Amino acid sequence: MTYRHLLVARSADGHVVTVTIDRPERRNALNTALGEDLLACFERLARDADARVVVLTGAGDKAFCAGADLKERDGMTDEAWRAQHVVFEQAALRILRCPIPVIAAVEGAALGGGCELALLADFIVAGATAVFGLPETTLGIFPGIGGTQLLPRMVGAPLAKELIFTGRRLAADAAREAGLVNHVVAAGQARATATEIAATIAGNGPIAVRQAKKAIAYGTETDLETAMVLAIEAYNATVVTEDRLEGVRAFNEKRPPRFTGR
Ligand code: COA
């Protein structure tokens, strides 16, 4: 499958999938074609039994993604704008609900929809010169793919409100202090670090990781009683697997486990 604005590459074992937004001349800005590509790509990933982790990144070092393509949007009718946004909304939901972990590797600017794309991932690794921001209100618009919901959950409502109301940008270190970013690494190293973390995850039991993602994603959004029930369901889904037997066997045989996802 080829895309217009995405490059998709896999590790030799096929388990780590790197999805690169490839419009560096437009700072990887999100146009309709890219939205359609992201939607198609994450739809496929949801059905890909071999894939265990996704690294989502942007080509070049200037921007992870500069948000909506403001050149394409210039003069767009209300109808065309809404139709485009439906594509973005659907793509966002596919990324948020991707059954395997998604790590955003951010170099340069992650602004507007680009910042939201990073927030949709499970966690973010940033190069030291990365910058995050939701400047939509400065353009008279609204962060439309989850920023108003995800940012407060990550950094708390007061800081999220300030950032969204003012459009102020956060540098990488400040983003880490705020809890937006897990790791800040030397500029240019975000992809390598994210890929190392992805390889560690890909070596773990794939069913266990999927179940953990599901339990955390849905459990943190519900009351604790229901969340505990969800977690036991997730636990039980791992008990019946060959990987559970292999994990314990490998421990006792003092060797690394070889998980197959069965
Ligand atoms: N939509 C369309 N084109 C964009 C874009 C966007 N969101 N962001 C950047 N570009 C284009 C620029 O217009 C420029 O094109 P040109 O060469 O035809 O003039 C090209 O990408 C390079 O941009 P430039 O600003 O020169 O690059 P930079 O590396 O100095 O700065 C950014 C990068 C991302 C910090 C800066 O481009 C920026 O602030 N972009 C707008 C981000 C934004 O407000 N997004 C919110 C959308 S809701």
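I take helices (H or I, at least four residues) and strands (E, at least two) as DSSP runs, numbered from the N terminus. The model is predicted, so I note that local features need pLDDT of at least 70, side-chain atom pairs count only at pLDDT 80 or more, and totals for chains, interfaces and linings use all residues. Residues are numbered from 1 along each chain as its sequence is written, and side-chain values use heavy atoms, with hydrogens and water left out.

**Loop residue Thr241**

I found Thr241 in the loop between helix 10 and helix 11. Thr241 counts as buried because its relative accessibility is 9%; buried means under 20% relative accessible area, exposed over 50%, and partly exposed in between (1.4 Å probe, protein chains only). Leaving out residues up to four places away in sequence, Thr241 touches Ile207 and Arg262, where contact means heavy atoms within 4.5 Å. A polar atom of the Thr241 side chain lies 2.7 Å from the backbone oxygen of Thr238. For polar contacts I use a pair of N or O atoms within 3.5 Å; within protein, one must be able to donate a hydrogen and the other to accept it, and residues adjacent in sequence count only if both atoms are side-chain atoms.

**Helix 10**

Helix 10 runs over residues 224–239. Which residues of helix 10 are buried? They are Ala227, Ala234 and Thr238. They cover an arc of only 45° around the axis, so they sit on the same side of helix 10; the arc is that of the directions from the helix axis to the C-beta atoms. Glu225, Met228, Val229 and Glu233 are exposed on the other side of helix 10. The cover over the buried residues includes helix 9 (206–219) and helix 11 (242–252).

**Ligand site**

I checked the polar atoms around the ligand next. A polar side-chain atom of Arg27 lies 2.9 Å from a ligand oxygen atom. An N or O atom in the side chain of Arg169 is 3.3 Å from an oxygen atom of the ligand. From Glu25, a polar backbone atom is 3.4 Å from a ligand oxygen atom.

**Glu36**

I placed Glu36 in helix 1 (residues 32–46). At 33% relative accessibility, Glu36 counts as partly exposed. Glu36 touches Arg4 and Val87, not counting residues up to four places away in sequence. The side chains of Glu36 and Arg4 are joined by a polar contact of 3.0 Å.

Technical notes: Expected span 1.5 Å × (residues − 1).
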